[in-house]
Amino acid sequence: MRKRHTPKDRLITVALHVALAAGLFFAAFPIYWMLSSSFKSNTEIFALPPTVLPKAFTLEAYAAILGDPVKLRFFFNSYFVAGAVTVLTVLIALLAAYGFSRFNFRGKGSLNTLIISTQTIPPITLLIPFFGLVVSYGIFDTYVALILTYLVFTLPYAILLMTGYLNTLPRDLDEAVAVDGGTSWTALWRVIVPISLPGIVATSVYTFLLCWNEFLFALTLTKSTSMRTVPIGIQLLMGQHAFEWNQMMAMSVLGSLPLLVIYLVAQRFFLAGMTAGSVK
Amino acid sequence: MAEVILENICKTYGNNFRAIDQLNLSVKDGEFLILVGPSGCGKSTALRMIAGLEDITSGSLRIGGVDVVDMPPKDRDIAMVFQSYALYPHMTVSENIAFSMRLAGKPKAERKKRVDEIAKTLQLTSLLDSKPANLSGGQRQRVAMGRAMVREPAAFLMDEPLSNLDAKLRVQMRAEITSLQKQLGVTTIYVTHDQIEAMTMGDRVAVLKGGVLQQVDTPKRLYESPVNAFVAGFIGSPSMNLFEATLTGDELMSGTFAIRLQDAAFVRRPGLKSYAGRKVVFGIRPEDLYDSSLESGRKYQTIPAKVTSIEELGSEHIVHLNIDGVRVDSGDPDAVQDFGLTSNAVARFEPDSAVRSGSAIRLALDDTKLHFFDPETHLAI
C-alpha cells in the first residue's frame, strides 16, 4: 500500500532536495567554470561582470596547448610516470599481497604493521630527505627519481588493497591448482590474476590518480621544463606578469580527461563479481 | 588404481592441538572408503593430508606402494573434488576439465578427445562452452567430478562433495557418484558428515572422533556391531537410544522400569555376566522400539514412556519420548539435536500408530536387539 504523504513529509522532501541541489552546485560549479573558461578568450575571462556562458566561443586555448611541443611534453611525462608507476605498483603489490594472503612466514604480522604505519607519515615531511637522496643518487631531474619516489607512496596502500582483495578469493582455488599439477606461481598467474581484475583495476586507478595529480614531489625533484608533469605545467602558465587563465583551464580539462576515461572504462570491473560460480 | 595405506599418521598443529592421532587405514585397490564423523573430528584434515595439502607430522602414507609423505600434491597421482567444487570461474567447463592436461603439456587434440569422452560420461557435452557461473549446483558438481576424472588418478579424494546440493539433488548425485566409482573402479576416499551417504555409498566406512579412528567396517557391520557407544550413537538416524541401567540378575533396572533379558543375550555377550550388580549402558535403536498397541509390538515386553512430540513422515512416525531413565551421551556433538528439552528417547513407529503427543504409553522393545556398553570406557560388551 502506498504511504500517504503528510505536509510535513513534503516539507522534509523539499528541504532535502534544496540541500542536495546546493551541494551539487558547490561540487559541480568549479568543474563547469573550468570547462566554460577553457572556451573563452583570456580577455573575456577578465570581463566584469563575468560571463557564465562563453560569449565568443573559441578553441584558441586548446590550440595553444596542443600546438606547443613543450606543453605536450608535460602530458607525455605525466602519462609515462603515472603509467610506469601503475604497472610497477600493481606487479609488486600483487606478488606481495599473494605472499601475505596465502603464506605464513616469520615476521608476517610485524611486516604488515610496518606497511600500515607508513601511511601515518605525512608525505611533506619526507620531501627534504627524498630530495637529498635523489641528488646523492644522481637521479635528480629524471623519470627514475619520480617513479621511485611515487612507488614509496603507492606501494603500501596498494599492497593492503590487494591483500584484502586476495583474502576474499577462496583458497580452494589455489589448492585445486596444486592438485591439478600446478605450483603457487601457476595458481597466481593462471587463476588468481584473471579473477582479481576488479582488485587490480581498483589498485591501478588509485595509483594512476595519485601519480597524475601529484604536485609537490614533481615540483621538487625535477627542474628542467622537459621533465615537468601536467600539474607543474598548469602552474607554469602563471607567469610573473601574465596569467593565461584560458590555457590553464584548457590544460586542466585535458588533464582531467584521462581520469574520466579511466573511470568509465574501469566501472564495469567494479560492478561485476568476477568469482561468481567458482565455489558453491 | 592403487592401494592407499596410512600408517600411524599424526597431525599436530603449532598450538599442540592434535588433529589426527595414530591413524591406521588401508584402502584396497578400487575400494570406496568413506571417512565419517562429527564436525571437527579430523576427517577433512586426514583427506587433505592424503592429498598433500596439509603436512603430515609423523607416520607414513603410501599410494600405489610409493611413499608420498614428502611429495607435493601434483606428484601423488591423486585427484580431488572439493566441498566448494573450486571451479576456475574465468574458464569454460571444457577449460576447467582440461586444465590439468594443459599444465602437463598434453597436445590440444588429446585434450579435446579426453574432455569430450568425460563430458559424454557426465552428460556435460552441451555445457562445455559455459562458464561455471551459468551452471546449476548439480552441473557444477559434475564439472568438479570431470576435472578429477580427467587425470585418471590412482585415487579419488572427495571432500563432502554433495554438502552444497539440495536434498533431492543430493540423493540423485549420491547414486551417480556410486555408479561412476563402480564403473571406473578407482580407489576412492570420500569424506562426509552425513551418515546416510556413509551407509549407502561406501564399501567400508571409517568412523573418526577427535582425530582417533573408532571403527572401520562395512556399513552393515557398523550398524549391527558398533565397537563403542560413540559409533553406536553416530551410525543410524535417528541415533541409538543409550541409557544407564543396573544389571540385577537377568534384569536391567533403570528408573522405575525393568527390562528382562533372555538367556540368549548372555550367550551372545559372555562378558555381560561380569556386570551383574553393576551399572551398564544399554542401547536400543529407534527402529527396535514399537507401539505396543499395534500388532508388530504385541509380542515384546513393554516399559512406560510419555510421548512428547511426533513427526509424521508419511511412511513412518518419529516419536519423541520421555523414559524414566538416565540418558547416556554417546559423545557425538550432533546427536544432541535429536532431542528436545523434554524428551530423552526416539522411536520409529509404523504410520498407523495412533499415539498422541502428551499421552502416556507402553513402549514395546525388542530385547534381542539391545546393545551393551561399559559405563566407563563406553566399549561394547
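Domain 1 and domain 2 of chain B bury about 990 Å² between them, with carbon and sulfur atoms giving 55% of that area. The model is predicted.

**Domains within chain B**

- Domain 1 of chain B spans residues 4–233, and domain 2 of chain B spans residues 238–373.
- The C-alpha centres of the two domains of chain B are 37 Å apart.
- Where the domains of chain B meet, 12 residues of domain 1 are in contact with 12 residues of domain 2.
- Between these domains of chain B there are zero salt bridges, but four residue pairs are in polar contact (both at pLDDT 80 or more).
- On the side of domain 1 of chain B that touches domain 2, α7 (219–224) and α8 (229–234) each supply at least two residues; α8(B) provides the largest share, four residues.
- That side of domain 1 of chain B comprises seven nonpolar, three polar and two charged residues.

**Chain B against chain A**

- In this interface, 26 residues of chain B are in contact with 22 residues of chain A.
- Pro89(B), His90(B) and Leu103(B) supply 24% of the area that chain B buries against chain A, more than any other three residues.
- One salt bridge is counted between the chains: Arg48(B) pairs with Glu175(A), their closest N and O atoms being 2.6 Å apart.
- Elements of chain B that each supply at least two residues to the side touching chain A are β6 (78–81), α2 (93–103) and α4 (137–149), and α2(B) gives the most, with four residues.
- The side of chain B that touches chain A has 16 nonpolar, four polar and six charged residues.

Technical notes: Residues numbered from 1 in each chain as written. Chains lettered and ligands numbered in written order. Predicted model: local features only at pLDDT ≥ 70, side-chain atom pairs only at ≥ 80, totals over all residues. Heavy atoms only, no water. Contact = heavy atoms within 4.5 Å. Buried area = accessible area lost by both parts, 1.4 Å probe. Salt bridge = Lys/Arg side-chain N within 4 Å of Asp/Glu carboxyl O. Nonpolar A, V, L, I, M, F, W, Y, C, P; charged D, E, K, R; others polar. Domains from an automatic or database assignment. Polar contact = N/O pair within 3.5 Å; in protein donor to acceptor, adjacent residues only side chain to side chain.
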